[in-house]
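Hi,

Here is the structure I said I'd pass on.

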Amino acid sequence: MRRLAAEALGSAALLAMVVGSGIAAEQLSGGNAALALLVNAIATGAGLVVLILALGPISGAHFNPVVSLSAAWRGELAWAEVPRYVGAQVLGAASGVLLAHAMFGEPLLSASEHVRTGSGQWVAEAVATFGLVLTIIAVSRARASATPFAVGLYIVSAYWFTSSTSFANPAVTLARTLTGTFAGIRAEDAPAFVAAQLAGALAATALAGWLWPVDKRAPRETTHAELEPSPSRAA
C-alpha cells in the first residue's frame, strides 16, 4: 500500500506541477507562448527530479504506466503489480489536475479543447517516450544515483525538441484531457497519443535489452527501478 500511495502521490504532484505551472506561465507571460512553454518545461523537469529523489526509494518513482510496463518486461516489477501501479498513477494524475485548478481558481473539471493531433505529433510522442524509457534504463544501469537528474533534464529538453511538447506518459495524457488550460489535450486526441507512447516504450525496452544485456552472474549497480522495496519489506 505504501508503494501504491507513493505512485499516486507522485503522479498527483507531477500533474499539479504541469498544469499549475502552465496556468501561471500563461497568466504571467503576456501572450508570449515561447516563454510560457519554457517556464512550464523548467517547472516540470525540476519538480520531477525532486519527486523521483523523494519517492524513488519507496515505489521506484515510475509515475508513468509505460515505465511500469517496461520494468515488468525487464523483470524488475512483478506483472501482477502493473495494474495496481497503473491504477494509482491514473487516479493520482487526475487528482493533480483538480488540485491545480483549485489553487488557481479554475473550474475543477473543464474538458480541454486544445487540438493536438496529426502524424507529426504522433511520431513526436513515440520519439519522446522512446527517449524517456531509454534514458531511465541506460542511466540507471550506468549510474543509478544520476537517474532523477537525467530524467528531469530529458523532459525539459523534450518539451522543446518534440512537436507534441512531450507528454510521454499515458496517465499524464488522460489527466490533461480534464483541463481546458494551457496544458490540455482534447479527449478525442488522447488515444492516438497513448498508442504512440506505448509503441515508443516498447521499442526502447527492446533496444535496451539488446544494447545493455543483463549478465545475471555479474554484480552491477542497483537500478532506478530496483530502488523499490521488495514485497517482503513493504507493509
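First, a term: a salt bridge here is a side-chain nitrogen of Lys or Arg within 4 Å of a carboxyl oxygen of Asp or Glu. This is a predicted model, so local features need pLDDT of at least 70 and side-chain atom pairs count only at pLDDT 80 or more, while totals for chains, interfaces and linings use all residues. Residues are numbered from 1 along each chain as its sequence is written, and side-chain values use heavy atoms, with hydrogens and water left out.

The structure has 4 salt bridges. Glu188 and Arg186 pair up through their side chains (3.4 Å, N to O), and Arg186 also bridges to Asp189, with the closest N and O atoms 2.9 Å apart. That links Arg186, Glu188 and Asp189 in a network. On burial (buried is under 20% relative accessible area, exposed over 50%, partly exposed in between; 1.4 Å probe, protein chains only), Glu188 is exposed at 55%, Arg186 partly exposed at 22% and Asp189 buried at 4%.

Another bridge joins the side chains of Arg74 and Glu76 (2.8 Å, N to O). Arg74 is partly exposed at 22%, whereas Glu76 is buried at 12%.

Now the core, meaning buried Ala, Val, Leu, Ile, Met, Phe, Trp, Tyr and Cys residues joined through side-chain atoms within 4.5 Å. The largest nonpolar one has 35 residues, and those with the most contacts inside it include Leu14, Phe63 and Leu132. Leaving aside neighbours within four places in sequence, Leu14 is in contact (heavy atoms within 4.5 Å) with residues including Thr44, Asn169 and Val172.

Cheers
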